[in-house]
Amino acid sequence: YLRYVLADKKIPDPAVKENGQKVIDAVKGAVIGEFHTGKAVKDAHGISGYIPDDYGFDLPPTFFTPKNWDPKHGYENLDFGKSGWNEFLNAVAKDTKFHTFLRNQGVPDHVINKIDKIGGAAKKTALFALAVAGNAGNYEAYQAFRKKPPKDFFYIPAKIASEIGIAGGGYTAFKGAQKILEALGNEDLKNKSAAVIDGAFDTAQGIAVAAANIGMNVAKASGITTPAAIVAFAIPIAKMVYTMYTTFKQQQQGKQASSEMDPMEKLARIQMEKSANLQEKQDDYYVSPLAKDIAGLASPGTVNPKDLLQK
């Protein structure tokens, strides 16, 4: 974080720059060896510091604010906090724009906390509702695939299930498009094409599910119901086949590359990989959730292909 402070043009004080550089130099001299893995800790270099960006604005985890709640958690009373670090945290900390707006309107902290908790619960409820809508949309698309009318989805009447299925399909398409944009914007992702293709499959499936449910509810669009349902079920099969093929191909390439190495080359490769693990940054590769299930990987997000090949 001090590197960001030194590079920040909004902090012109030369004393801050000078002392910050002294701290960086001291850290370099104090750390004998360190390593870290992953984009989230790419700027970590051996010594961590307590630098919460919401220092003094931290909200309690409970709906009702405890009587003696301290948003600074008593940190300013520690010896290190009294050294001037507490003042630094106060200078760099900031609240969310929404909370700042509420405070400017005179809303007290305990009410802001309740609004925050209610908003969080509403967000979780909305995501759960969209997940249910997605499942309902898939179920009604299956009914359309069988050329059957809408059917009750658990306790949701058939008519409502097919209507919310439109939103569910749209949400699936949105998540697929979001995956594509995130992949294109991730400069550290080495195999963007895999993530883009996976997102394209999800987007197409969501559109097909939404179209099948629209056809069930709009008379003028009834002609697209069955074709859209067929596409909605063909896409997951195509995605599974593609994922299995690419996973198998990666495994075969890894095994072939390993079999072609002589013992000395393998030893050199092991040493190189150990050395690479000590570097500041590990390459990110996108692996689809289906491929992770096949390989037995439970970790979310991007992974290193070596983990997949080892499985």
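K147 lies in the loop between α5 and α6; helices here are DSSP runs of H or I with at least four residues, numbered from the N terminus. This is a predicted model, in which local features need pLDDT of at least 70 and side-chain atom pairs count only at pLDDT 80 or more, while totals for chains, interfaces and linings use all residues. Residues are numbered from 1 along each chain as its sequence is written, and side-chain values use heavy atoms, leaving out hydrogens and water.

**Loop residues with positive phi**

- K147 is not a glycine, yet its phi is positive, at about 60 degrees.
- K147 has a relative accessible area of 65% and is therefore exposed (exposed means over 50%, buried under 20% and partly exposed in between, with a 1.4 Å probe and protein chains only).
- H73, in the loop between α2 (14–30) and α3 (79–92), is another residue other than glycine with a positive phi, near 55 degrees.
- The relative accessibility of H73 is 43%, so H73 counts as partly exposed.

**Packing of α5 against α6**

- Helix α5 (residues 109–145) packs on helix α6 (residues 158–185) at an angle of about 110 degrees, and their axes are 6 Å apart; axes are lines fitted to C-alpha atoms over the stretch in contact, and angles run from 0 to 180 degrees between N-to-C directions.
- The two helices, α5 and α6, are therefore roughly perpendicular to each other (65 to 115 degrees).
- The α5 side of the contact (heavy atoms within 4.5 Å) consists of L127, L130, A133, G134, A136, G137 and E140, which meet A158, A161, S162, I164, G165, G168 and Y171 in α6.
- By class, the residues of this contact of α5 with α6 are 8 nonpolar, 5 polar and 1 charged; Gly counts as polar, Ala and Tyr as nonpolar and Glu as charged.

**Nonpolar cores**

- A nonpolar core is a set of buried Ala, Val, Leu, Ile, Met, Phe, Trp, Tyr and Cys residues joined through side-chain atoms within 4.5 Å.
- The largest such core has 7 residues, namely A141, A144, A211, A212, M216, A228 and A229.
- Two or more residues of this core come from each of α5, α7 (192–217) and α8 (225–259), and α7 gives the most, with 3 residues.
- Leaving aside residues up to four places away in sequence, A212 touches A141, T225, A228 and A229.
- Another core, of 5 residues, lies apart from the largest one and includes Y55, Y75, W85 and L89.

Conventions: Angles under 35 degrees count as roughly parallel, over 145 as roughly antiparallel, 65 to 115 as roughly perpendicular and the rest as oblique.
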